[in-house]
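Here are my notes on the model you sent. Please read them with the structure open.

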Amino acid sequence: MAEEHNGLNNGRFDESAYLKHCELVLEEREADHETSNLIVLSEGLFFILFDTPDRVQHMLWRFPRS
């Protein structure tokens, strides 16, 4: 994973630092996938998965609720 989740789990940095790192990862991915560089295909399906929001919700909801 590009997002550094182990440091958050191990207490090496807090949620705020994790979120800042996730924002940087997402910005880099968005810049790499500009629509002006896409090739249009006559058939098939093309998609880009941005999984950072999913990773954020998993990490910020990782503790059981009491």
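Among contacts in the protein chain between residues at least 6 apart in sequence, what share join residues at least 24 apart? The share is 54%, where contact means heavy atoms within 4.5 Å.

1. Basis of the notes. This is a predicted model, in which local features need pLDDT of at least 70 and side-chain atom pairs count only at pLDDT 80 or more, while totals for chains, interfaces and linings use all residues. Residues are numbered from 1 along each chain as its sequence is written, and side-chain values use heavy atoms, with hydrogens and water left out.

2. Overall make-up. The protein chain has 3 helices and 0 strands. Its pattern along the sequence is α-α-α. Helices (H or I, at least four residues) and strands (E, at least two) are DSSP runs, numbered from the N terminus.

3. Surface and burial. The protein chain has 66 residues, and 17% of them count as buried. Buried means under 20% relative accessible area, exposed means over 50%, and partly exposed lies in between (1.4 Å probe, protein chains only). The accessible surface is about 5600 Å². Carbon and sulfur atoms account for 54% of that surface. These areas come from the Shrake-Rupley method with a 1.4 Å probe; for residues, only the protein chains shown count as cover.

4. Packing of α2 and α3. The two helices pack at an angle of about 170°, and their axes are 10 Å apart. That makes α2 roughly antiparallel to α3. Axes are lines fitted to C-alpha atoms, for helices over the stretch in contact, and angles run from 0 to 180 degrees between N-to-C directions. Under 35 degrees counts as roughly parallel, over 145 as roughly antiparallel, 65 to 115 as roughly perpendicular, and the rest as oblique. On the α2 side, the residues that meet α3 are E15, Y18, L19, C22, V25, L26 and R29. Their counterparts in α3 are T52, R55, V56, M59 and L60.

5. T52. This residue lies in helix α3, which covers residues 52-60. Is T52 buried or exposed? T52 counts as buried because its relative accessibility is 3%. Setting aside neighbours within four places in sequence, T52 is in contact with E3, C22, V25, L26 and R29.

6. L19. Helix α2 (residues 15-32) holds L19. L19 has a relative accessible area of 31%, so it is partly exposed. Beyond neighbours within four places in sequence, L19 is in contact with V56 and L60. L19 and L60 are 41 residues apart along the chain, and their C-alpha atoms are separated by 9.5 Å.

7. A nonpolar patch. L19, L60 and W61 make a nonpolar surface patch of about 300 Å². Patches are made of residues with over 30% relative accessible area and no salt bridge; like charges are joined within 9 Å, and nonpolar side chains (Val, Leu, Ile, Met, Phe, Trp, Tyr) within 5 Å.

8. Salt bridges. How many salt bridges does the structure hold? There are 4 salt bridges, each a side-chain nitrogen of Lys or Arg within 4 Å of a carboxyl oxygen of Asp or Glu. One of them joins the side chains of R29 and E3 (3.5 Å, N to O). This pair links distant parts of the chain, 26 residues apart: R29 is in helix α2, and E3 is in the segment before α1 (5-9). E3 is buried, because its relative accessible area is 1%.

9. The D51 links. D51 forms a salt bridge with R29, and the closest N and O atoms are 2.5 Å apart. This pair also links distant parts of the chain: D51 is in the loop between α2 and α3, R29 is in helix α2, and the two are 22 residues apart. D51 has a relative accessible area of 16%, so D51 is buried. The side chains of R55 and D51 meet in another salt bridge (2.8 Å, N to O). Salt bridges that share partners join E3, R29, D51 and R55 into one network.

10. N9. The place of this residue is helix α1. N9 counts as partly exposed because its relative accessibility is 44%. Not counting residues up to four places away in sequence, N9 touches M59 and R62. N9 and M59 are 50 residues apart in sequence, and 8.2 Å separates them in space, C-alpha to C-alpha.
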